[in-house]
Amino acid sequence: MSENKIYVGNLPFRISKESLEEHFAQFGSVAETIIISDRETGRSRGFGFVSFETEDGMNTAIKADGSELDGRPLKINQAQARN
DNA sequence: GTTGAGCGA
């Protein structure tokens, strides 16, 4: 079973991962929420990942691509696995 | 501001 994870881009730098979770909890049960930051500089990269407990939740979230969060239209796509 | 980590054997 693979994870139901989505990529979330165009994030406003002011939000936290828990804010993201609150936003995506509307689409389904959120299993994990992550905000990515550069490990060498410690600065935000402006994107993150959200995994859902069910495929339906992920699917619904992807359909919400372009929904605004803090005034910014989010870029949502199914995440690609790390290599 | 766009697809994540870590550094052991």
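Predicted model: local features only at pLDDT ≥ 70, side-chain atom pairs only at ≥ 80, totals over all residues.
Local features need pLDDT of at least 70 and side-chain atom pairs pLDDT 80 or more, while totals for chains, interfaces and linings use all residues. Residues are numbered from 1 along each chain as its sequence is written, and side-chain values use heavy atoms, without hydrogens or water.

**View 1. A negative surface patch.** Glu18, Glu21, Glu22 and Glu32 form the patch. Patch residues have over 30% relative accessible area (Shrake-Rupley, 1.4 Å probe, only the protein chains shown count as cover). Like charges are joined within 9 Å, Asp and Glu counting as negative, with the charge of Glu placed at CD. Helix α1 (residues 17-24) contributes the most, three residues. Helices (H or I, at least four residues) and strands (E, at least two) are DSSP runs, numbered from the N terminus. Glu32 sits in strand β2 (residues 30-37).

View 2. In α2 (residues 55-63), Gly57, Met58 and Ala61 are buried. They lie on the same side of α2 because they cover an arc of only 100° around the axis. The arc is taken from the directions from the helix axis to the C-beta atoms. Glu55, Asp56 and Lys63 are exposed on the other side.

**View 3. Arg39 in a loop.** Arg39 belongs to the loop between β2 and β3 (44-52). It counts as exposed because its relative accessibility is 76%. Arg39 and Ala25 are 14 residues apart in sequence, and 27 Å apart in space, C-alpha to C-alpha.

Note on methods. Chains lettered and ligands numbered in written order. Patch = residues over 30% accessible without salt bridge, like charges linked within 9 Å, V, L, I, M, F, W, Y side chains within 5 Å. Salt bridge = Lys/Arg side-chain N within 4 Å of Asp/Glu carboxyl O. Buried < 20%, exposed > 50% of the residue type's maximum accessible area, 1.4 Å probe, protein only.
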